[in-house]
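Welcome! Here is a short briefing to read alongside the structure, one topic at a time.

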Amino acid sequence: MSGIRWGVVLPQGWRSDLTHLADPVEQFEAMVAVAREADELGSDSVWLYDHVQAVSGVPETTFECWTSLAAIARETRRVRLGQIVTCNSFRNPALLAKMAATLDVASAGRAFLGLGAGWDQREYDAYGFPQPYPSTGERLTRLDEAAAVVTAMLREPVATVEGRHHSVRGAQNVPTGAGRSPVPLMIGGSGEKRTLRTVARYADACNLTDHTDPAFYRHKLDVLAGHCADLGRDYDAILRTASFSVVTGTSDGEVTARLRGRDRAEVAAGSAVGTPAELVEVFGRLIEAGMEYFILYFHEPTDLAPMRLFAREVVPKLG
């Protein structure tokens, strides 16, 4: 094993993880507290989902991703700040590049730009995002063009990119970031024909989600490597990240209690479930499959005990 790099998805309400707190200010402070703890524990990064209403469909607190990260930037010292992932349809990509550069400066070079095609039609319909709801093919075309725009604007102070849906002509982005290195672009999605090819063309990192089966990752990474070979891109220059939930406890009984009646095998198909010793095995297999970086949502995330347990008992045993 070559070690583990990991980040933490913060509670922001999208997964109904702040409903136990009544006051919205208290809810925001709870999110910030998890970010501070991740910073202290040695996590590499903190992340927020880019959704604007709760996945439950019930009107519940859901904090907006980018403004929240700007606030969190000033409350933390070392963690990187990312989105898992920005929905391309929610913002003009040129404005998004400007936002990413500003966040990078505000955090002294800690910004990560996550980008995806978007998927929740309910949000499109409710908020008036591109209508009618774009087809999968159109959303993937828009993603590819947006990746070209943000890549250009985060690397050069003046950029021109021509596309069918997204174009910039002499767009200025000064500064492009904190100046140490360009804000890295991470593209989320596992589509083999188009999304992973966009990764190979533009991204500094890929993000694959909701699986703990090493065979899934091996296959997707083989596809990505093929696209890299076709395009003349260095496969090893792309950071390979996975994101999923973690349910853990000091004993098997505590793990079972945290599952709250859900079937363990069913949950484990897409999440890391088990005691620290069991998680060492799960993550070890994924590292052997080629994954390098894990973005983790700890079940009941305002309870800091599972994240602390992971940092104390799992991370050191993975290198």
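**A proline in a helix**

Helix α3 is where you will find P93. Keep in mind as you look around that this is a predicted model.

*P93 and its surroundings*

- P93 counts as buried because its relative accessibility is 3%, and the cut-off for buried is under 20%.
- Setting aside neighbours within four places in sequence, P93 has contacts with N88, A146, V149, V150 and H166.

*Aromatic rings*

- How many aromatic pairs does the structure hold? There are 17 of them.
- One of these pairs is F90 with F129, which is stacked because the ring centres are 4.2 Å apart and the planes meet at 20°, where stacked requires planes under 30 degrees apart.
- F90 sits in the loop between β4 (86-87) and α3 (93-106), and F129 in the loop between α4 (121-127) and α5 (136-153), so this pair ties together parts that are 39 residues apart in sequence.
- Both of these residues, F90 and F129, are buried.
- Y124 and Y133 make an edge-to-face pair, with 4.8 Å from centre to centre and 80° between the planes.
- Y124 has a relative accessible area of 0%, so this tyrosine is buried.
- One aromatic cluster is formed by W6, F244, F283, F294, F298 and F310.
- Look for R15 as well, which lies over the face of Y297 at 3.8 Å from the ring centre.

*Helix α11*

- Helix α11 spans residues 305-314, and its buried residues include P306, M307, L309, F310, A311 and V314.
- F310 also belongs to the aromatic cluster that contains W6.
- What do the buried residues of α11 pack against? Their partners are β1 (5-9), α1 (24-41), β10 (239-248), α8 (252-259), α10 (276-288) and β12 (293-298).

*The largest pocket*

- The largest pocket holds about 920 Å³ of space.
- It is lined by 45 residues, and the closest to its centre are Y49, I84, W119, T209 and D210.
- Two or more lining residues come from each of β4, α4, α5, β9 (205-209), β10 and β12.
- By class, the lining of this pocket has 20 nonpolar, 16 polar and nine charged residues.

Conventions
Residues numbered from 1 in each chain as written. Predicted model: local features only at pLDDT ≥ 70, side-chain atom pairs only at ≥ 80, totals over all residues. Heavy atoms only, no water. Phe/Tyr/Trp six-rings, centres within 6.5 Å; stacked < 30°, edge-to-face > 60°. Helix = DSSP H or I, 4+ residues; strand = E, 2+ residues; numbered from the N terminus. Buried < 20%, exposed > 50% of the residue type's maximum accessible area, 1.4 Å probe, protein only. Lys NZ or Arg CZ within 6 Å of the ring centre and 35° of its normal. Contact = heavy atoms within 4.5 Å. 1 Å grid on protein atoms, 1.4 Å probe; cavity = no way out; pocket = protein on both sides within 12 Å on 5 of 7 lines; lining within 4 Å. Points joined across faces, edges and corners; volume = space filled by probe spheres on them. Nonpolar A, V, L, I, M, F, W, Y, C, P; charged D, E, K, R; others polar.
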